[in-house]
Amino acid sequence: TDVYAYGYLLFEIITLKPLFPKNVKGRDEIISFVLGGGRPEIDSKQWPESFVQILKQCWETDQNDRPSFKAIQHKYPSISIHLMCSDEIGRRVVELAWSEYQKISESILFDDFINHFKTAVGNVVEEIGNDRWRPRNRTLHWKCLSAVLRDPFHDTVSLERFCDVVCWFGPLKPIDKFFKRLVATITKPYFHGFLIESKAEKALSSYWNSFSSKRVTFVYIFGCDGTFKLLYLDTVGSLNKYNIYNKGGYFMVENNDDHFETFGSVHRYLRVRLKLKKALPDSPFSGIR
């Protein structure tokens, strides 16, 4: 029963969805639902197969068919990787780069990561054709990848940061389009990347107040869970925010079903719609050439 309950707990924490259908209410109805074989609904298209399988195993009717906590613990690293990085090539990179480490929470040296990255992506070269992959001649690509991945103080890369980058700019196949999205986004003068939201708000306020004739000032930054965020102050100084998502290699704006191939096209759309005028200056990526 402990393993069964753990499956429920894991489901709620990861999916943030209710355990039972809306029409199942109260103790008696829940007991009847469970004893009748009812289980929380898992969208196998949305969640990794390893995660779906461990939940189903935890919820087996016969407790002898359920895994032990030791078995669950043994599978947890691979399940975590699958949950954090849904990209197939991204998981290849992770498996190579972190295979020598006991804990996936450990960071690895940037140079070691790049070697593993090239090895993993090198397998894709054979699939997509060598003519579309010439990274050694594209110094700007590596500079941009370093700018978003590398911890400048320790010269390391964390698994969490790599998975975030894949969410922001993936998929990794075809690799040339991944780099195109990466470079074309972070080299924009209005993109400030890892600027903390609270600091972005203060910087925008100061910049907005520097104009005698008030303009709509704005900045784009990285958001949480693979999103980007637009922050802007309108002509009366009110703060507004928009979330931007990467879905399958296309950018999407919240409350809009349109797909944009580049971040620049997202900005052109929002610039017209919101009358964006003055971008926060001094992007931290402005020196990348």
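1. The model contains 33 aromatic pairs, where rings of Phe, Tyr and Trp (its six-membered ring) pair if their centres lie within 6.5 Å. Phe191 and Phe222 form one of them: their ring centres are 5.0 Å apart and their planes stand at 80 degrees, so this pair is edge-to-face (planes over 60 degrees apart; under 30 counts as stacked, the rest as tilted).

2. This is a predicted model, in which local features need pLDDT of at least 70 and side-chain atom pairs pLDDT 80 or more, while totals for chains, interfaces and linings use all residues. Residues are numbered from 1 along each chain as its sequence is written, and side-chain values use heavy atoms, without hydrogens and water.

3. Phe191 lies in the loop between helix H9 (175–186) and H10, and Phe222 in strand E3, 31 residues apart, so the pair links distant parts of the chain (helices, H or I, of at least four residues and strands, E, of at least two are DSSP runs, numbered from the N terminus). Both Phe191 and Phe222 are buried, that is, under 20% relative accessible area with a 1.4 Å probe, protein chains only. Both also belong to one aromatic cluster, whose members include Trp168, Tyr190 and Phe285.

4. Five strands make an open sheet of mixed pairing, ordered E6-E5-E4-E3-E7; two strands pair if DSSP finds at least two bridges between them. Strands E6 (250–253) and E7 (278–279) are at the edges with a single partner strand each, so one side of each has no neighbour in the sheet.

5. Strand E3 (residues 217–222) runs parallel to E7, joined by two bridges. Thr217 is opposite Lys278 in E7.

Methods:
Buried means under 20% relative accessible area, exposed over 50%, partly exposed in between (1.4 Å probe, protein chains only).
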